[in-house]
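Here is a quick walk through one protein chain, with the cut-offs spelled out as they come up. Have the viewer open and follow along.

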Amino acid sequence: MPLDISAGLRSPGDSFPFRQEVTLEPQQVMGDTITFKGPVVLEGQFCVTDRVLHLWGDLTATAQGHCANCLEPASYPVRVAFSEVFFPV
């Protein structure tokens, strides 16, 4: 999932919004198959300072699996805040 950061390279220190939607394949978690209803969404801001990329925002999704107690289908809204820093190689 590429992210175009050219605006940040042209305007160091300014922050820019981004939104990416990704479809994930089913995942195996502790023996259960977890699927995601709709896309997984990454939304936040990015900024470039001294050629270092800063990303922050939220990942949101709806995970679907089975209840551990009754084995009925279950859905769970997922929201994870993130903050990452990427240095040039």
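Met 30 is exposed, because its relative accessible area is 88% and the exposed class takes anything over 50%, with buried meaning under 20% and partly exposed in between (1.4 Å probe, protein chains only). Met 30 sits in the loop between β2 (27-29) and β3. Its phi is near 50 degrees, which is a positive value in a residue other than glycine. Strands here are DSSP runs of E with at least two residues, helices are runs of H or I with at least four, and both are numbered from the N terminus.

Leu 71 also has a positive phi without being glycine, near 65 degrees. You'll find Leu 71 in the loop between β5 and β6, and with 62% relative accessibility it counts as exposed.

A word on provenance: this is a predicted model, where local features need pLDDT of at least 70 and side-chain atom pairs count only at pLDDT 80 or more, while totals for chains, interfaces and linings use all residues. Numbering runs from 1 along each chain as its sequence is written, and side-chain values use heavy atoms, with hydrogens and water left out.

Is Ile 34 buried or exposed? It counts as buried, because its relative accessibility is 17%. Ile 34 belongs to strand β3 (residues 32-36). Leaving aside residues up to four places away in sequence, it touches Pro 26, Gln 27, Val 29, Ala 63, Gln 64 and Gly 65, where a contact means heavy atoms within 4.5 Å. Ser 15 is another story: it is 19 residues from Ile 34 in sequence and 34 Å from it in space, C-alpha to C-alpha.

Ala 68 is in the loop between β5 and β6, and its 77% relative accessibility is why it counts as exposed. Between Ala 68 and Asp 32 there are 9.5 Å in space, C-alpha to C-alpha, for a sequence separation of 36 residues.

## The whole chain

Along the principal axes, the C-alpha atoms fill a box of roughly 55 × 25 × 20 Å.

Buried residues make up 20% of the 89. Of the contacts with a separation of 6 or more, 48% join residues 24 or more positions apart. The chain exposes about 6,500 Å², with carbon and sulfur atoms supplying 57% of it (Shrake-Rupley, 1.4 Å probe).

## The largest pocket

The largest pocket has a volume of about 220 Å³, which is the space filled by probe spheres set on grid points joined across faces, edges and corners. On a 1 Å grid over the protein atoms alone, with a 1.4 Å probe, a pocket is an open set with protein on both sides within 12 Å along at least five of seven lines, and lining residues have an atom within 4 Å of a point.

Among the lining residues are Met 1, Pro 2, Phe 18, Leu 42, Leu 53, Phe 82 and Phe 86. The elements giving two or more residues to this lining are β1 (15-22), β5 (52-66) and β6 (73-86), and β6 gives the most, with three. By class, the lining has ten nonpolar, one polar and one charged residues; Ala, Val, Leu, Ile, Met, Phe, Trp, Tyr, Cys and Pro count as nonpolar, Asp, Glu, Lys and Arg as charged, and the others, Gly among them, as polar.
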